[in-house]
Amino acid sequence: MARPLPKDLEDRIAGTARRSEVRSVAVAGFILGGAFGFGLGASFFSAATPEWGGPLLFAIGAGCVAALWFFAGRRRDK
């Protein structure tokens, strides 16, 4: 069995893990919120102009969500 970690190291690891979890939940919420907001706006837009709906609108929405996901996943250089 491994020895327990010193208390100061355990506290530092716990703080880092907590911040990382909060950040990942915030990024997931941002991505889902962006997708939901775009879908809601697209539904209103396609109801007002039916000739613009369909695959083009889906492709634009998928591109926006992919861009959000890409930029949210990039790490900042320190």
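Tutor: A helix here is a DSSP run of H or I with at least four residues, and helices are numbered from the N terminus. Keep in mind that this is a predicted model.

Student: How many helices and strands does the protein chain have?

Tutor: The secondary structure consists of 2 helices and 0 strands. Helix α1 covers residues 7–48, and helix α2 covers residues 55–73.

Student: How should I read a salt bridge, and how many does a search of the whole structure find?

Tutor: Start with the general idea: side chains of opposite charge can pair when their charged atoms come close. In this model the search finds 1 salt bridge. The side chains of K7 and D11 form a salt bridge, with 3.8 Å from N to O. That value falls within the 4 Å cut-off for a salt bridge.

Student: Where do K7 and D11 lie?

Tutor: Both are in helix α1, 4 residues apart, which is about one turn of the helix.

Student: Are K7 and D11 exposed or partly exposed?

Tutor: Relative accessible area decides the label: buried is under 20%, exposed is over 50%, and partly exposed is in between. K7 has 55%, so K7 is exposed. D11 has 45%, so D11 is partly exposed.

Student: What share of the residues in the protein chain is buried?

Tutor: Of the 78 residues, 6% are buried. The chain exposes about 6,900 Å², and carbon and sulfur atoms supply 68% of that area.

Student: Which residues form a nonpolar patch on the surface?

Tutor: A patch takes residues with over 30% relative accessible area, and nonpolar side chains are joined within 5 Å. In this structure the patch is formed by F36, L40 and F44, which together have about 370 Å² of accessible area. Take L40 as an example: L40 is found in helix α1, and its relative accessible area of 41% makes L40 partly exposed.

Student: How do I read separation along the chain against separation in space, for instance with F58 and A42?

Tutor: Set the two values side by side. F58 and A42 are 16 residues apart in sequence, and 8.7 Å apart in space from C-alpha to C-alpha. F58 belongs to helix α2 and is exposed, at 65% relative accessible area.

Student: What separates the C-alpha atoms of A66 and A35?

Tutor: The distance is 9.6 Å, for residues 31 apart along the chain. A66 is also in helix α2, and with a relative accessible area of 44% A66 counts as partly exposed.

Key: Residues numbered from 1 in each chain as written. Predicted model: local features only at pLDDT ≥ 70, side-chain atom pairs only at ≥ 80, totals over all residues. Heavy atoms only, no water. Buried < 20%, exposed > 50% of the residue type's maximum accessible area, 1.4 Å probe, protein only. Areas by Shrake-Rupley, 256 points an atom, 1.4 Å probe, with all protein chains shown as cover. Patch = residues over 30% accessible without salt bridge, like charges linked within 9 Å, V, L, I, M, F, W, Y side chains within 5 Å.
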